[in-house]
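Good morning, and thank you for coming. Please look at the sequence and the model as I speak.

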Amino acid sequence: MYFFRFGRVRVFGAFALVLGLSSSACVERKPSASATQTAASPQADTYATPAPDSLRAFADQQKKFIGTALATWHFGKPNYKEISAAHFNSLTAENEMKWEAVEKQQGQFSFAPGDALVAFAEQHHMRVRGHTLVWHSQLAPWVKTLSGDKLRAAMLHHVKTTAEHWKGRIAQWDVVNEAIGDDGELRKDSPFTALGKEYIAEAFRTAHAADPAAQLFYNDYEAEGLGTPKSEGQYRLIQQLKQAGVPIHGVGFQMHVEPRKWPTPEEIRKNLERFVALGLTVELTELDVPVGEVPGTLAEKLEWQKKYTHDIAAACFTLPACTGITLWGVNDAVSWLSTPEWGKLRGNGPHLPLPFDADGKKKPMFDGIAAALQGK
Ligand code: G3I
């Protein structure tokens, strides 16, 4: 079972074929490469149908997305592509659609790595989440030399050019990523903050003009619960954007779990519900559940991870407007938390944060996600 993306409407598998034949008039069909490629050359698919016990089969049955973050430099690693195609129906570019990768020099765009990720997704009938158009981190160095109108112009040109390049092939863009600080205000360490809050609306409007069919998301971390300055600041920002008629369609909650201090699944659900009540789609966009600092034996850590992941996934999947969960990586070996640079953010490792181990074997965490996808 797989899905086609017709504009902002997505339909699934065989049902899509019937729908496409009988009611193309009512389904706005975007002439996207994925649809064309799939419709014109099904034999080109190297991916047949998901195994019945795969995460993506469970997700397809619920009309949900279960995704992973991919990087082309891992493509040659054992089981990396195979697990991605077999278990996930959504792909996020982990790094290769970020500013530093796409526009290294002002006005000089390089889309090849991102193109390779989009091609992989389309070959395997995976939705694509574009990540990310405007973010203070992983910026090309030249951007940080600009300010005022020059920075605003460079930002809007980057958004327009990048979104236009993949027009019709990106289901969701993280248009603005991590704009809010721990105090709930625009973060002081972002060069875009000096432009004033309006830069966020301008980025969304420009992205919408560039690719009207893409769902446009605001994406952030540690705003998953209720009552913190950051989570309340994020809610206020999104309310203001909606009230101003800004074309924002969803909010991404990254869900990089910090086991030593994290909202309960019930609190997470209550938080998701209030954004849904604003008329938004919500997704968990970068889920990982590190166990380095979780007490107990390895078996006890992994059992905790399975249950906690299940409960968080259920908090999303039981909400109709929580349309997908993306794991931040394919297996423990390629996780950002497995690097010395980032692992220390979650204390002592190994963190083992993902549903497949370094050898590509399923962990108990996999069963927790599978159960949540089946409503168990
Ligand atoms: O591209 C250079 C390469 O030229 C160089 O040889 C290599 C040497 O280490 O570094 C490469 O850059 C690395 C980059 O990923 C691309 O691989 C950086 O060192 C490394 O710090 C960077 O880490 C990424 C991190 O964002 C940067 O903040 C992680 O892979 C990525 O998983 C992580 O993802 C972010 C999301 O985009 C936003 N939400 C938080 C999440 C975790 O930080």
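What you see is a predicted model, in which local features need pLDDT of at least 70 and side-chain atom pairs count only at pLDDT 80 or more, while totals for chains, interfaces and linings use all residues. Residues are numbered from 1 along each chain as its sequence is written, and side-chain values use heavy atoms, with hydrogens and water left out.

Let me begin with the pockets. The search uses a 1 Å grid over the protein atoms alone, and a pocket is an open set of points with protein on both sides within 12 Å along at least five of seven lines. A cavity, by contrast, is a set of points where a 1.4 Å probe fits but cannot get out. Lining residues have an atom within 4 Å of a point. Grid points are joined across faces, edges and corners, and a volume is the space filled by probe spheres set on the points.

The largest pocket holds about 650 Å³ of space. Its lining is made of 26 residues, and those nearest the centre are Trp135, Gln138, Trp328, Trp336 and Trp342. What classes of residue make up this lining? There are eight nonpolar, eleven polar and seven charged residues. In this scheme Ala, Val, Leu, Ile, Met, Phe, Trp, Tyr, Cys and Pro count as nonpolar, Asp, Glu, Lys and Arg as charged, and the others, Gly among them, as polar.

The second largest pocket has a volume of about 230 Å³. It is lined by 13 residues, with Glu222, Ala223, Thr228, Lys261 and Pro263 closest to its centre. Five residues of the lining of the second largest pocket are nonpolar, two are polar and six are charged.

I turn now to the interior. Buried means under 20% relative accessible area, exposed means over 50%, and partly exposed lies in between (1.4 Å probe, protein chains only). A nonpolar core is a set of buried Ala, Val, Leu, Ile, Met, Phe, Trp, Tyr and Cys residues joined through side-chain atoms within 4.5 Å. The largest such core has 94 residues, and Ile66, Trp173, Val176, Phe192 and Tyr199 have the most contacts inside it. Helix H8 (residues 198-210) gives the largest share of this core, seven residues. Helices (H or I, at least four residues) and strands (E, at least two) are DSSP runs, numbered from the N terminus.

Contact means heavy atoms within 4.5 Å. Apart from neighbours within four places in sequence, Phe192 is in contact with residues including Trp99, Trp135, Met155 and Tyr199.

Thr206 is also placed in helix H8. Is Thr206 buried or exposed? Thr206 counts as buried because its relative accessibility is 17%. Not counting residues up to four places away in sequence, Thr206 touches Leu156, Val159 and Lys160.

Next, consider helix H13 (residues 364-373), which is mostly covered, with eight of its ten residues buried. Among the buried residues of H13 are Met365, Phe366 and Leu373. The elements they pack against include helix H3 (55-61), strand S3 (65-70) and helix H11 (298-317). Gln305 is in helix H11, and Gln305 counts as buried, at 0% relative accessibility. The contacts of Gln305, leaving aside neighbours within four places in sequence, include His351, Leu352 and Met365.

How many disulfides does a search of the whole structure find? It finds one, where a disulfide is a pair of cysteine sulfur atoms within 2.5 Å. Cys316 is joined to Cys322, with an S to S distance of 2.0 Å. The torsion about their S-S bond is about -100°, so this disulfide is left-handed.

Finally, the backbone. Most residues other than glycine have a negative phi, and most peptide bonds are trans. A cis peptide bond joins His131 and Thr132, with omega about -5°, and Thr132 is found in strand S5 (residues 127-134). The bond from Gly349 to Pro350 is also cis, with omega near -5°. Gln138 is not a glycine, and its phi is positive, near 50°. Gln138 lies in the loop between S5 and helix H7 (148-165), and is one of the residues nearest the centre of the largest pocket. Leu352, likewise not a glycine, has a positive phi of about 45°, and is found in the loop between H12 and H13.
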